[in-house]
Structures are given as structure tokens and as C-alpha cells.
Amino acid sequence: MASSKVKTLLIYKYLKDFSDESNPLSTTDLISLLEKDGVKCERKSIYADVQTLNSIGFDIVSTKSPKRGFFMGTRKFELPEVRLLTDAVSSAGFITPDKTKVLLEKLETLVSKNQANELVSQVYIDSNAKCDNEEIYYVIDFLHEAILNKKMVKFSYKRRNIDKENHKSYTEKTFKVSPYALIWKNDHYYLVCNNAKYDNLMNLRLDRIRRICMLDEPARDVSEVSDYDGSFNVADYSSQMFNMFSGEKGQVKLLCHLDLREEIMDRFGSKIPLKAIDLDHFETTINAAISEGLVSWIMNFGDRIKVTEPAELAEKVRIRAEKISNLYKG
């Protein structure tokens, strides 16, 4: 015969696993589940167990409609929150298909089994968009430790080759870097770091990192390789990167068509200054890294954005547009 404490814990487990607002468990259901686990009890003791669970902070709700019974009123993660997490995990390109499945199974335990079944039916995993680096968890954990301890790391960086015969092959390059931050952006996970050979910041994709090891050498202070003094500002750095291309930071003045105001605010925040120029255009100034990534972002909008400053960036956009035009001539 199980003790009353074990019975109370079992009832909590059943309610956590099987109940929700649409699927309450009746006293008959709970008695039946207890019997399967070798525990016999009277109906009135179920109410006492539910009262005990509520008294120590669990939100067990009693309902009479549409079905009489009990269910978990609140959970650490609500269904919409778990749905957001499952969508993020399933779409994250840097998580391998196998690790995606394992992580989704763990997320499903945060809701009832009925809710988990609903989640599973709505989740699609595109294996073609997933990486094949099973070391990814190890790499993430290792880099977090190196960043906290301010140590340099060394690793191999793997990239796919392209040849006329379409043979699948790869090249690997060894990097020795000072790591500063990990950033999830554009569906990829990046390491922001400094290559020991240079005096600037660079971004490397975590799914391409192999055979990582921590060195005894201290990492270079971020102030030596950037304009950040004391500590690295992840939010500021991320906001200025386009497609995670690094480059020299500066102010960029843009002349935009009026119908782009929502897209500009979505990208740079609602506090960005928007100055009306005429009935169809506005002007704004952003802080950004002058890079090929920024050029590509500007080109996405065609003739609806014009760079007015700096002249260097305007010339880069003009040259890119001219090359595209020449590609389609004749």
C-alpha cells in the first residue's frame, strides 16, 4: 500500500500530464489511474489531495462544465508560450534534425499530453534547412564558458566547396579567436569574436565550428578591437549588422518612400527619427556597419530607398545595381 504522500504526488503527476481546461480529470479518472499504479483509495480522499496541492501553491481548478473534474489551472509555461518555443526550435537552422526532435519532446512535457499532441500536429521540421553538426550543443556550451572566463579558443571552421562536377567536399580552416558574444540572427547562431591576426570584430556561424578547445591565453579586451569600452554591447552590435556582415560603423542617411515607414520602424524601432521630405518621401538616419550586407539590404527595396550619405555607401549601391543591370543585358 502506497503512503498518502505518494498518492498525492501521483495525483499531481496525472493532472500535470493529462489534464487541461478542455480535458479535466474526474475523480473516477483519477481513481482508475491510481489503481493502475497499484494504489486504492476512496473518492473523498481525492478531494483532500487536491486541497493539499492547492494549499502548497499548485493551481488545481475544479470544474463542473462541460465535464466534472479537475485540471491544472496554470503552468510554468502556458500553451501559447510553448508553441512559440516549438516554432523557434523547429525553424532554427543551427539545430540538427535529431537534436530538434529531442528538444521538441522535452518542450512537449511542459503542457498536457493532449495539448502536446496538438502541438506535434502543427509542427513542421524542414530537415533540408537544418545543419548536420551534432557538436552544436557542445560548441555553444564551450563558447559560453570561454566568454565567461575571458579565454581564447581554437577550432576548425568547415565550409562547403563548389565545383563543376558537383562533388560534395569541404574545406576546413583553423581559427584562433577571442570570443565576446553569441547572437541568434537571421535563423543562424553566430559567434562575435576577434581573429588574433587582426584588430577588428568578425562573425562566424556556430554550425560550421568543429573540434573546439579552450586555450590558456586570455582573450583580448574588446576595447582593443572595437569602439566598445569595458564590455561588449550585444544589442547595439546586433542592431547595426545586416546579414551579419561586419564593417566599419557610421551614420547612414536614407531617403525612403512613404510606404516603407512600417518596415523601417520594424527594423530599427519605433523611436527612429522619420522626417517628411515631400508627400511621398521621408528621410531617416541610422547607425550601421558599412558592409556588403547593408548594400544587399538596401537593394531589396529597389528604387524605394536612396542612400544620400555617406557617398562611399551610395557608390557601393550604384556599382552593385550596375553589375546586376549588366548581367541581364543582351
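The model is predicted, so local features need pLDDT of at least 70 and side-chain atom pairs count only at pLDDT 80 or more, while totals for chains, interfaces and linings use all residues. Residues are numbered from 1 along each chain as its sequence is written, and side-chain values use heavy atoms, leaving out hydrogens and water.

**The whole chain**

Let's start with the big picture. The protein chain holds eleven helices and eleven strands; helices (H or I, at least four residues) and strands (E, at least two) are DSSP runs, numbered from the N terminus. Along the principal axes, the C-alpha atoms of the chain fill a box of roughly 80 × 60 × 50 Å. The radius of gyration of the chain is 28 Å, whereas a compact globule of 330 residues would have one near 20 Å. This radius is taken over C-alpha atoms, and the globule rule is 2.2 Å times the number of residues to the power 0.38.

How much of the chain is buried? Of the 330 residues, 38% are buried, where buried means under 20% relative accessible area, exposed over 50%, and partly exposed in between (1.4 Å probe, protein chains only). The accessible surface comes to about 19,800 Å², and carbon and sulfur atoms account for 51% of that surface; the areas come from the Shrake-Rupley method with a 1.4 Å probe, and for residues only the protein chains shown count as cover. Among contacts (heavy atoms within 4.5 Å) between residues at least 6 apart in sequence, 63% join residues at least 24 apart.

**Charges and salt bridges**

The chain carries 49 positive and 49 negative side chains, and the centres of the two sets lie 4 Å apart. Lys and Arg count as positive and Asp and Glu as negative, while His and the chain ends are not counted. Each charge is placed at NZ of Lys, CZ of Arg, CG of Asp or CD of Glu.

Side chains of opposite charge can pair when their charged atoms come close. A search of the whole structure finds 17 salt bridges, each being a side-chain nitrogen of Lys or Arg within 4 Å of a carboxyl oxygen of Asp or Glu. Here are some of them:

| Pair | N to O distance |
|---|---|
| Asp-49 and Lys-7 | 2.3 Å |
| Asp-29 and Lys-67 | 3.2 Å |
| Arg-318 and Glu-315 | 2.8 Å |

Asp-29 is partly exposed, with a relative accessible area of 26%, and Lys-67 is partly exposed at 39%.

Arg-318 and Glu-315 both belong to helix α11 (residues 311-328), three residues apart, or about one turn of the helix. Arg-318 is partly exposed at 40% relative accessibility, and Glu-315 is partly exposed at 36%. Elsewhere, salt bridges that share partners join Lys-13, Lys-16 and Asp-17 into one network.

**A look at Phe-282**

Is Phe-282 buried or exposed? Phe-282, placed in strand β10 (residues 281-290), counts as buried at 4% relative accessibility. Not counting residues up to four places away in sequence, Phe-282 touches several residues, including Leu-254, Cys-256, His-257, Arg-261, Ile-264 and Leu-274. Gly-269 is 13 residues from Phe-282 along the chain, and their C-alpha atoms are separated by 16 Å.
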